[in-house]
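Open the model in your viewer and keep the selection panel at hand. The tour goes from one pair of residues to the parts around them, and then to the contacts between chains.

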Protein chains: 4
Amino acid sequence: MPHAKPLWSGRFKEPLSAIALKFSSSIDFDKKLYQEDIAGSIAHVEMLAATKIISAEEGRRIRKALKEIAREIDGGHVDLSWEKEDIHLAVEQRLIQKIGPLGGKLHTGRSRNDQIALDERLYLRAAVHELQKLIAQLQRVLLYQAEKYFGTIMPGYTHMQRAQPVYLSHHFLAYISMLERDFERLSDCRKRANKLPLGAAALAGTSLPIDRQMVARKMGFDGIVENSMDAVSDRDYLIEFIAACSTIMVHLSRFAEELVLWTSQEFSFATIDDAYSTGSSIMPQKKNPDMAELVRGKTGRVFGSLTAILTLMKGLPLAYNRDMQEDKIPFFDAVTTTRECLFIFSHILVHTHVNRNRFEEELKHDFLIATDVAEYLVQKGVPFREAHSMTGKIVAYSVEHKKSLDQLTLKEFKHYSKYFDDDILSMLDPYTSVERKKSAGSTSPNEVKKQIVHWTRVLKNRKLQ
Amino acid sequence: MPHAKPLWSGRFKEPLSAIALKFSSSIDFDKKLYQEDIAGSIAHVEMLAATKIISAEEGRRIRKALKEIAREIDGGHVDLSWEKEDIHLAVEQRLIQKIGPLGGKLHTGRSRNDQIALDERLYLRAAVHELQKLIAQLQRVLLYQAEKYFGTIMPGYTHMQRAQPVYLSHHFLAYISMLERDFERLSDCRKRANKLPLGAAALAGTSLPIDRQMVARKMGFDGIVENSMDAVSDRDYLIEFIAACSTIMVHLSRFAEELVLWTSQEFSFATIDDAYSTGSSIMPQKKNPDMAELVRGKTGRVFGSLTAILTLMKGLPLAYNRDMQEDKIPFFDAVTTTRECLFIFSHILVHTHVNRNRFEEELKHDFLIATDVAEYLVQKGVPFREAHSMTGKIVAYSVEHKKSLDQLTLKEFKHYSKYFDDDILSMLDPYTSVERKKSAGSTSPNEVKKQIVHWTRVLKNRKLQ
Amino acid sequence: MPHAKPLWSGRFKEPLSAIALKFSSSIDFDKKLYQEDIAGSIAHVEMLAATKIISAEEGRRIRKALKEIAREIDGGHVDLSWEKEDIHLAVEQRLIQKIGPLGGKLHTGRSRNDQIALDERLYLRAAVHELQKLIAQLQRVLLYQAEKYFGTIMPGYTHMQRAQPVYLSHHFLAYISMLERDFERLSDCRKRANKLPLGAAALAGTSLPIDRQMVARKMGFDGIVENSMDAVSDRDYLIEFIAACSTIMVHLSRFAEELVLWTSQEFSFATIDDAYSTGSSIMPQKKNPDMAELVRGKTGRVFGSLTAILTLMKGLPLAYNRDMQEDKIPFFDAVTTTRECLFIFSHILVHTHVNRNRFEEELKHDFLIATDVAEYLVQKGVPFREAHSMTGKIVAYSVEHKKSLDQLTLKEFKHYSKYFDDDILSMLDPYTSVERKKSAGSTSPNEVKKQIVHWTRVLKNRKLQ
Amino acid sequence: MPHAKPLWSGRFKEPLSAIALKFSSSIDFDKKLYQEDIAGSIAHVEMLAATKIISAEEGRRIRKALKEIAREIDGGHVDLSWEKEDIHLAVEQRLIQKIGPLGGKLHTGRSRNDQIALDERLYLRAAVHELQKLIAQLQRVLLYQAEKYFGTIMPGYTHMQRAQPVYLSHHFLAYISMLERDFERLSDCRKRANKLPLGAAALAGTSLPIDRQMVARKMGFDGIVENSMDAVSDRDYLIEFIAACSTIMVHLSRFAEELVLWTSQEFSFATIDDAYSTGSSIMPQKKNPDMAELVRGKTGRVFGSLTAILTLMKGLPLAYNRDMQEDKIPFFDAVTTTRECLFIFSHILVHTHVNRNRFEEELKHDFLIATDVAEYLVQKGVPFREAHSMTGKIVAYSVEHKKSLDQLTLKEFKHYSKYFDDDILSMLDPYTSVERKKSAGSTSPNEVKKQIVHWTRVLKNRKLQ
């Protein structure tokens with residue numbers, strides 16, 4: 001069977017290599033790393049001079065030119081179009097343009113494989129710093145709200161059903177705790193990522209007498225990546241980072257959901273200032289909690305980035321593979337999205353006002369203190385399961401007689417258990433309920449205050465790396 | 001417990017509503033929809049005039065202005081900065097700027113909720129068209145290669161181990177079949193998406209006498225979305241579309257992996273032209289299959305987009321929620337990534353050259369025809385399991401005596417089964433093996449030819465919507 | 001550097017091959033396919049006999065034994081422990097046990113590679129049938145509720161804020177539309193999957209004169225998979241199926257979220273019968289919507305299965321790879337989870353009772369009809385943007401004077417626009433609002449009735465494959 | 001419009017509450033937690049007695065009975081069928097059955113919400129222990145292989161193309177480094193998870209004078225979860241754990257891919273013992289690396305579990321929601337899958353034998369030492385970019401004259417640069433290449449030895465929690 005002139009040939013008219021270059025060019029996104037790239041190059045050059053691989057004078061000239069290039073890029077004066085392929089080549093080319101063949105000494109003893117790993121780790125460090133700052137800020141806003149609304153009660157929910165009265169402050173404080181773990185996860189991620197990969201060269205190291213420890217010290221790394229193949233081929237620092245971002249987004253999405261609920265007409269528990277919601281000129285009741293909705297929506301994007309980076313790395317043989325160029329897309333997007341969401345959330349919360357008395361009246365005549373009645377009996381020696389069952393009967397009786405628990409007489413209580421005494425009557429109140437809580441970490445005023453004191457201290461002394 | 005001046009207050013200096021607007025502005029990405037948005041507005045206006053909701057003259061003037069705006073945006077002359085919020089408002093504002101209050105009639109009987117759903121469906125239709133065109137093109141390249149290499153054998157692999165000889169053409173044709181299903185999935189997705197949502201207004205429809213069927217006909221829709229709440233709140237067309245893209249990427253990633261293997265020194269089965277690989281000026285043996293690696297890497301991005309859109313939609317109550325603004329990010333990224341990968345793949349394949357005789361010699365003395373020996377016995381009446389076991393013994397004998405099967409004598413064969421005859425000797429050859437295949441869809445020359453004829457016809461008559 | 005006795009050697013005492021067998025045995029989950037496996041074998045044997053590859057008598061004996069084995073497995077009388085490796089071998093072994101060497105003829109002209117693809121496609125067909133039946137059932141329940149509550153109005157929400165009055169029936173009908181697309185997606189998936197892979201053998205086809213078309217006809221397939229390598233190596237039918245399940249789950253999760261909201265004390269829009277919620281013996285107000293919550297929670301599991309199968313298939317070279325054994329875990333889990341959720345949802349909905357008058361009073365004095373006022377002006381010729389702005393002012397005036405729109409006088413209206421007339425006063429009512437809707441697919445009584453009639457007809461005539 | 005008898009009513013015949021119970025019952029999977037559940041109850045009871053909430057004698061009797069129940073469950077003597085709902089109720093019910101109403105005191109001051117969080121954290125602790133043990137074991141096997149094959153060179157790959165010679169030991173050691181980070185991630189996860197949630201009760205804490213710190217100490221926790229709402233509603237410990245498992249699987253999937261490649265006929269770099277591969281009785285060359293393929297395939301399952309748990313938690317309002325019952329499915333599956341894969345991997349590797357001399361001859365005449373030639377010139381003062389370019393020309397010359405670099409004369413070298421000297425001739429060898437490496441972490445013999453010494457010490461002193 002003979003084969004004819006390819007049917008598709010008419011379509012392939014463009015100079016093909018341009019197509020390939022365009023498809024594979026990464027400068028469109030990796031230009032974001034120019035500061036890291038140049039900082040890394042400067043440290044590298046300093047080391048090359050210190051180890052006499054190049055002369056002191058050469059080192060000085062290259063460093064000077066690199067600093068100029070950084071400023072040129074700042075000012076938008078360097079060509080970073082897709083033809084330049086990637087940020088590393090764009091910088092090196094510009095360097096050679098400026099100082100001639102000497103520029104060709106910059107790439108001594110390294111390769112783009114270890115260079116990009118360095119850039120990413122530097123960027124990650126900065127991202128961790130920024131996210132941690134924003135987490136701390138959000139924690140401070142939460143703490144401020146916890147203090148501000150100290151004393152306000154709300155129904156605590158399980159299954160979105162009212163369960164027991166809790167302090168609103170306690171609710172805010174729960175999120176501080178969650179965010180604290182997010183903070184720690186970022187620290188742990190940084191700790192593992194903060195090792196210098198540079199000097200691994202393409203994958204095998206180099207025969208030149210470079211000093212990796214010196215570069216590590218100069219750039220604030222805690223040490224070097226100890227195996228050159230590992231240094232250029234693994235990206236688990238990115239996976240760990242995006243996983244940490246995902247958990248942050250889980251937490252924000254939960255609070256976002258609550259804000260959407262709280263500001264609905266049905267809940268009417270809180271309002272968000274006009275400046276942070278989109279009103280409608282027609283329907284004044286309609287103040288859309290857009291910012292919260294968007295945070296909730298952006299959660300998917302970070303989860304998607306996690307899926308992307310995991311899929312990318314699955315099953316890649318050592319060492320560097322070009323697939324890994326794509327690691328920056330989910331990484332950068334996770335940084336940006338998480339940063340924006342943390343940032344806006346502080347602002348949303350500051351502009352959120354709780355209707356302090358929204359639930360007060362309702363909770364009084366609710367059955368949220370039923371659990372307290374059961375615990376009252378337990379304290380008198382009744383086994384919990386029995387106390388639970390008796391209380392159930394009391395509640396059923398109340399419902400039948402259209403009374404709330406606080407409207408029952410002692411006699412009515414005693415009908416169900418001899419263990420009831422006068423003191424039962426004084427505790428049928430949501431405020432008493434929270435005040436009676438004793439256990440560590442509970443919603444009692446004391447325990448809530450303890451948390452506030454604790455976090456005030458922690459947040460005051462917070463140090464960022 | 002008194003609460004102090006908020007600790008964080010120093011940080012909140014910016015005019016806050018600008019922060020919120022910036023966070024929630026979508027024009028940065030939804031400007032991609034300007035053509036769809038304006039086309040939808042034009043059809044809408046024509047309908048408003050036809051139904052006398054506005055006058056014919058009003059209709060004419062608005063349409064004219066909209067067309068001008070489209071050209072202005074083409075030329076980069078309309079302000080689409082983030083302050084404009086979204087593409088719908090940017091266009092409407094420009095319209096009012098141009099023709100005064102009359103421009104305020106454009107938004108009659110519709111809302112941004114149904115408008116964006118329309119824009120997305122139009123964009124999806126165009127994306128399906130484009131992807132299907134690229135799939136067809138890639139299928140043509142595969143067909144060309146299948147014809148070109150007709151007659152070349154290679155080892156078929158299972159578990160990455162050589163299993164049986166197959167025609168290389170058969171391998172190419174397998175991918176045409178896979179891509180055909182991808183093509184169909186896109187058609188099915190289009191079929192479901194190709195319903196007009198416009199006229200659902202915010203969520204409830206409108207009291208104005210609009211004619212949705214007319215707009216549907218004008219814009220080439222197969223009908224209207226029959227429930228106004230469904231029209232503005234569901235996004236399963238996007239999920240279905242990105243899922244279809246994901247399967248395309250699965251297929252491309254598989255072929256990409258194979259190209260990476262085939263071009264390794266160990267396989268040495270194919271080379272990719274320099275124009276489509278990055279060579280190394282140092283190591284001539286090193287011609288990196290970067291394009292294939294990048295396609296493989298980009299697969300994760302499309303999977304990530306699918307995760308993102310699914311997460312986004314999970315658990316959203318009806319009808320429109322602002323979260324859904326984020327649907328465009330994964331949608332657009334899936335379109336772009338899949339398009340680029342399909343496009344480059346045609347080019348890579350055209351520039352891939354198979355070393356026709358790479359495996360010939362090796363396969364002759366391999367044991368890939370062992371299955372044929374077993375089937376020979378089956379044809380003589382031996383139960384398959386016994387035939388299988390006998391052949392195993394023959395192979396073991398050959399290995400022990402350092403012979404390949406084609407070097408055995410009839411006597412040796414007969415030692416293992418009386419059913420062997422002269423004819424066994426003439427079939428111990430990989431070419432004979434493929435030629436002896438009989439079953440429909442097998443790798444026999446006839447069946448492979450049939451596939452080639454079939455696809456030639458199908459691809460010639462391919463019509464795109 | 002000498003190497004010592006391995007440090008870990010003490011740990012490797014078990015007979016190693018048992019470890020490997022246990023790790024790789026799949027019968028624990030693929031035994032689920034025994035009916036499909038045996039049905040496939042029976043059809044295969046009938047074909048072997050019809051094509052004289054085995055004798056009629058042999059065919060008869062094997063078929064008879066296979067049917068017995070099916071019954072034995074039904075009764076739990078066949079050893080399917082992990083040592084049996086997989087369901088195919090377990091059945092074949094039992095067959096040989098029963099009828100001796102003749103049993104060894106069963107596996108003629110096929111391999112486990114095409115056999116498992118057949119089993120999966122058969123299982124998928126049954127799963128589609130079952131899911132479609134459950135979708136139809138859920139649609140019927142929704143239709144029943146739409147009819148039952150015809151006339152009940154509720155606030156339609158956007159951004160979880162009350163937007164415009166809609167019929168509750170319209171809300172139910174929106175879900176019927178969504179589920180209809182889910183139904184179609186399953187049909188499309190079935191259409192593509194319903195091709196016979198058997199006869200592809202290991203990957204290359206066979207030299208035996210098998211008749212694949214005959215088997216296809218016997219088993220109700222629409223044809224054969226046309227390329228033997230494609231037949232054994234692709235799994236996009238599973239991806240497509242699980243993607244379709246994911247969209248079903250998106251829809252169910254949305255309704256589940258709404259049920260959770262509707263049954264909260266704050267919404268108090270609906271109650272679920274005790275039999276379908278977990279009450280609390282203590283707190284009578286607390287009737288947890290557990291079933292809805294669980295459906296929402298199980299959504300993640302189906303999305304996870306989609307991630308799993310996509311990851312699994314990414315980058316696998318042709319043809320069969322052992323990785324693919326793992327395809328059954330996400331497949332089966334998606335089937336089970338989606339089936340259970342669809343099933344329970346019909347039951348939940350039947351047991352959900354809406355408080356018909358919950359919103360009536362509230363909506364009267366709400367501003368949900370503001371959009372209608374604007375449209376009133378549009379009908380008098382006022383450009384929409386102006387009408388929108390005037391209405392905004394009227395609303396602001398009302399709020400300031402603590403009136404609702406229905407409490408304004410004509411004079412007050414006329415103050416804002418001369419276009420207002422007597423008739424404005426009669427339309428300031430949520431019921432009138434929905435009645436005035438005109439557009440196709442809107443929430444007007446007529447349009448809602450049309451949908452009900454449409455779905456009644458469709459669901460009555462629904463045929464399943 | 002009247003509504004008729006529901007169409008679907010015929011289908012709803014089963015006693016409905018059984019359907020709901022079956023759907024929502026979790027004992028099928030949470031019974032896996034019985035040991036943790038009972039251990040937690042015993043510690044709880046000891047605390048109740050110590051704080052005089054119950055008497056010492058009561059405490060003694062309950063504890064004794066609980067221990068008996070643990071043994072009964074061990075022996076399969078307790079009914080754990082789905083009607084029992086969950087493991088907590090099953091145990092409590094059995095307790096009351098055994099010791100009467102006193103059993104009802106067990107649940108004092110706690111709820112199932114904090115109880116399940118406790119069980120999960122205990123299970124997580126055990127899982128971390130087990131996975132860390134298996135990681136350490138796998139590291140030991142890798143170390144053993146690194147020592148065993150010390151001196152063997154192989155081509156190091158980038159883009160799956162041969163790049164530079166490296167020691168096989170170096171390759172093994174790279175994986176030890178990766179796994180070490182996995183080990184640390186698990187430790188960090190444990191550190192955060194190792195806080196006692198018990199005592200948070202339903203969500204608000206309790207009014208009973210329980211001592212949470214005492215329970216924490218008894219059970220080896222590092223403290224208590226400080227906020228009761230956080231304690232019962234967050235699951236980020238599960239997300240973090242499954243993310244850590246995902247990274248382990250990324251690493252294993254990469255090595256699995258390499259084993260598949262190494263054992264292919266084309267690479268022929270290693271063989272896996274028959275006991276750990278499935279041979280074929282027909283094709284002796286075909287020894288399928290099934291175990292490695294399965295590990296690679298199972299990777300998707302763990303990624304899927306991560307998607308599942310993230311989706312599950314997204315947007316859930318505080319505190320406990322029933323959705324969270326589903327958290328155990330992805331958690332348990334991630335534990336099991338990761339454990340099995342780590343376990344089998346040690347066994348696979350032990351049974352993997354490298355063909356030490358496979359590459360020796362080939363590498364000699366390859367161009368893998370080209371980079372060394374460039375570095376030679378750099379050491380003589382030539383800027384790297386020029387050295388790189390000169391070497392490129394030398395290689396081109398060699399290729400043209402069908403020579404390998406080691407076959408060139410000094411004169412030929414000098415033709416390209418005056419800097420070449422006699423010593424160049426002695427370094428054109430892959431062994432010399434690795435020996436000449438100087439940089440820390442490189443593949444030089446010294447650096448590889450250092451790594452071996454380092455890991456020998458670390459693994460010897462490894463302590464597990």
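Select Lys218(A) and Glu46(A): the two form a salt bridge, with their closest N and O atoms 3.4 Å apart. A salt bridge here is a side-chain nitrogen of Lys or Arg within 4 Å of a carboxyl oxygen of Asp or Glu. This is a predicted model: local features need pLDDT of at least 70, side-chain atom pairs count only at pLDDT 80 or more, and totals for chains, interfaces and linings use all residues. Residues are numbered from 1 along each chain as its sequence is written, chains are lettered from A and ligands numbered from 1 in the order in which they are written, and side-chain values use heavy atoms, with hydrogens and water left out.

**Stop 1: two domains of chain A**

Colour chain A by domain: domain 1 is 15-108, domain 2 is 113-359 and domain 3 is 362-444. These bounds come from an automatic or database domain assignment. Between the C-alpha centres of domain 1 and domain 2 of chain A there are 31 Å. Their contact (heavy atoms within 4.5 Å) takes 23 residues from domain 1 of chain A and 21 residues from domain 2 of chain A.

How many salt bridges does the rule find across the interface of domain 1 and domain 2 of chain A? It finds 1 salt bridge. Now show helix H2 (27-30) and helix H3 (34-50) of chain A, the elements that give two or more residues to the side of domain 1 that touches domain 2. Helices are DSSP runs of H or I with at least four residues, strands are runs of E with at least two, and both are numbered from the N terminus. H3(A) gives the most to that side, with 11 residues.

The area buried between domain 1 and domain 2 of chain A is about 1,900 Å², and carbon and sulfur atoms give 70% of it. Buried area is the accessible area (1.4 Å probe) that two parts lose on being put together, summed over both. Select Phe29(A), Leu33(A) and Glu36(A), which lose the most area in domain 1 to domain 2, together 28% of what that side buries.

**Stop 2: chain D and chain A**

Show chain D with chain A. Their contact takes 97 residues from each of chain D and chain A. They bury about 8,200 Å² between them, 56% of it from carbon and sulfur atoms. In chain D, select Ser207(D), Arg254(D) and Leu318(D), which lose the most area to chain A, together 9% of what that side buries.

The count between chain D and chain A is 20 salt bridges. For one of them, select Arg185(D) and Glu240(A), whose side chains meet at 2.7 Å, N to O.

Chain D can be laid on chain A by a turn of 180° and a shift of 0.0 Å along the axis, with an RMSD of 0.0 Å. The two copies are thus related as by a two-fold rotation axis. In chain D, the C-alpha nearest that axis belongs to Ala243(D), 3.3 Å from it. The superposition is by least squares on the C-alpha atoms of residues with pLDDT of at least 70 in both copies.

**Stop 3: chain D and chain B**

The contact takes 42 residues from chain D and 42 residues from chain B, and about 3,500 Å² is buried between them. There are 2 salt bridges between chain D and chain B. End with Arg162(B) and Glu266(D), whose side chains meet in a salt bridge at 2.7 Å, N to O.
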